[in-house]
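Q: Could you take a close look at one chain of this model with me, and say how it is divided and what it touches? I'd be glad to have the cut-offs spelled out along the way.

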Amino acid sequence: MQTPSSVQTSPAPEPRRVSFSLKDFVIKFGLLVILAVMIVVFWRLEPAFGSARNMFSILQAVSVTALLALGVTVTLAIGGFDLSIGSTAAMSLMASSYVMVILDLGTLPAIAVCLFLGLAIGFANGMLIVKGRIPDLLATLGMMFLLLGLQLIPTGGRSIAKGMTLPSGGSAQGSFTETFLALGRYRVFDLIPLPVIVMIVAAILLWVFMERSRYGRVLYAIGGNEKATRLAGAPVERYKIAAYMISGGFASVGGMLLAARVGRGDVSSGSSLLLDSVAAALIGFAVLGAKKPNVFGTAIGALFVGTLLNGLTMLNAPYYAQDFVKGLVLVLALLFTFGFASSNHR
Amino acid sequence: MSTTRRHVLTALAGASLASALPFSAARAAGIAGAPGIFGKRQVKIALVRYLSTGDFFQFYLAGVTRQAAALGIDLHVLDSRQDAALQAEMLAQAMNMGVDGIILQHGLTETLKDPAARAVAEGFKVVAFDVNCENPKIPQIEQNDRELARLSLEQAIRDNGEAFKAGYVYVPGIAPLDRRDETWQAVKKKYPKIVEVARWGTMNNPIANSVADQTAAVLRANPDIKMIFAPFDEFAKGVKTAVDEAGLSKQIKIYSADISTPDISAMIEKDSAWSATTATNSAVVGEVCVRSLALLLAGIDPGREVVVPPTLITQAMLAEKGIKNMEELAAKIPQFSRAEVAMAPWIPEPKR
């Protein structure tokens, strides 16, 4: 008898049914169980791990990564990929520093310029893919390199700091405003960092958009079968461009929060963002057995990586051990998603 | 939580997570006769790093580790790998872990200033190496750059007399180089017959190569240069390459700052133009950081600035003692291997 895995209503208590539901359980909740076990183990080993302050430290540490990961989730949903998110965030970091420190224009122009740049980069990515017919990975890879160079051109390759000497000879007059710095540093009730709130609000809004609106359903439909979606009458090109603009917008917000945290247009900040956020989104595939990019999964994926790194750091694990464990988790999550899932459908 | 229970849990987690993780051995008892918390219990500190790749930083960590071990300190190393935001997060995490003291090693003032002030306000003891947190309660450990330049230049005067034509490699705007520059300006003022006929320098990567190209041009224009002051070892490497290529290694002498194993190799080559350098042993700096923090934790003020004195290293010294690498240098030149800074009778010196 051939029973599809998704059918859960069969009341007959056959032994086969039991093994099936165990597998379902592992696929659905495996990653969440591992996360819970991990938290308990870290907590027992290092009681300080479980303090409220440390929980918010973890959230703060993942907030920028999570924002980027949420953005890339949208591009994954349409069957694409955005490799330029890390450099978009870095671009936003440099741009906000440039507007405040060198041009001395203040907080709001800095935010506006960053958001505009993020959306413009996303639009450019979308146009390259839709009109230029370049495959997603290659178009955004090209954009990544382009941005890595572009962000350094205005300052001649140097970090932007208060009072720096400009290539033209003068010195920078402006500085980071207190308001802007507060975006990355202020704590509500002296406990909850502002970036954490930004991240949670962004995640909820994006979840509603992707899971509860018809726009989200069309985006997933494009990822499922682009041709069919087009035949059904959806403006696929516009949706694709919009997906990359969402990704670019989220990345630029992430870059702004990073700039506020660092307080300097630091050229080396943001270099690890791309890999960490892609990892979070991919781990998200395995959460609740979604087997596809999804907002809730991405948020959990980011939290998973953050918890792991925080706990391992507390236990004095060196960074290379942390990189190793991070890779291991990613491989396991992918196995949950693809390996177990495909054998289930056979 | 009792020590044994902790051990069991540690072992369990070690087996289940990754068996190779190095957990620090718990040492519950304090040091007999030591003041403050050192007499009562084991002290826990965190080293929060910004830079970690390269010889200098490896030796620094070795110094921190061995001095911490000598004091029975539970040391946690948090390495942000040149990610400023991550370093700030790691500082917060060290606070969450409930450490007694924190060493900040390099970083950006703009990023660390606020969280460091917060740590001090919450009662954590903090010391900083080569990063200014702009906080009077955070002692600054630093190598003395002016002294570094002075020792090299005095050697240059001993070797070449008080009147010669000199070349100078310098890039303004980099704090340690600016401090070294102050000494060079003072020396030129004191000895008016030392004439700087050419000045050049670049930070373009790879630095040594770029400086070599510049130096080649300078030497063609100024064949009468006798001495070149290159107070950063990457500069000196580049200058030496150009001097060798121009076949001038017997006419020109190079004086620099900093040292590494490749630098030693370059200095001890036959007829090397690289005459002398002055350096601080970063392992000793690491030890001094831990001792300064230990003093602070014991309620003793190590001072607003803790300066680690540098050592002059000449070609002759290296040849005489047969020194070929950093380990031999530390072993055979005593003043390079330890510094009488931030000492106390109850602080044991580490095994080196």
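A: Happy to! Chain B is divided into domain 1 (23-142 + 282-309) and domain 2 (145-279), with bounds that come from an automatic or database domain assignment. The C-alpha centres of domain 1 of chain B and domain 2 of chain B lie 34 Å apart.

A word on conventions: this is a predicted model, in which local features need pLDDT of at least 70 and side-chain atom pairs count only at pLDDT 80 or more, while totals for chains, interfaces and linings use all residues. Residues are numbered from 1 along each chain as its sequence is written, and chains are lettered from A and ligands numbered from 1 in the order in which they are written.

Now for helix 9 of chain B, which spans residues 261-268. Helices (H or I, at least four residues) and strands (E, at least two) are DSSP runs, numbered from the N terminus. In this helix, B:D263, B:A266 and B:M267 are buried, that is, 20 or more other C-beta atoms lie within 10 Å of their own, with C-beta atoms placed from the backbone. These three cover an arc of only 100° around the axis, which puts them on the same side of helix 9 of chain B; the arc is that of the directions from the helix axis to the C-beta atoms. What covers them includes helix 8 (233-245), strand 10 (274-279) and helix 11 (315-321) of chain B.

Next, the contact with the partner chain. It takes 32 residues from chain B and 33 residues from chain A, where two residues are in contact if their C-beta atoms, placed from the backbone, lie within 7 Å. On the side of chain B that touches chain A, at least two residues each are supplied by helix 1 (3-16), strand 2 (74-79), helix 3 (84-96) and helix 4 (109-121) of chain B. Helix 3 of chain B gives the most to that side, with 8 residues. By type, the residues of the side of chain B that touches chain A divide into 17 nonpolar, 9 polar and 6 charged. Here Ala, Val, Leu, Ile, Met, Phe, Trp, Tyr, Cys and Pro count as nonpolar, Asp, Glu, Lys and Arg as charged, and the others, Gly among them, as polar.

A:A299 counts as buried because it has 26 C-beta neighbours inside 10 Å. Leaving aside its neighbours within four places in sequence, A:A299 is in contact with A:A66 and A:A203.

Methods: A residue is buried if 20 or more other C-beta atoms lie within 10 Å of its own, exposed if 12 or fewer, and partly exposed in between; C-beta atoms are placed from the backbone.
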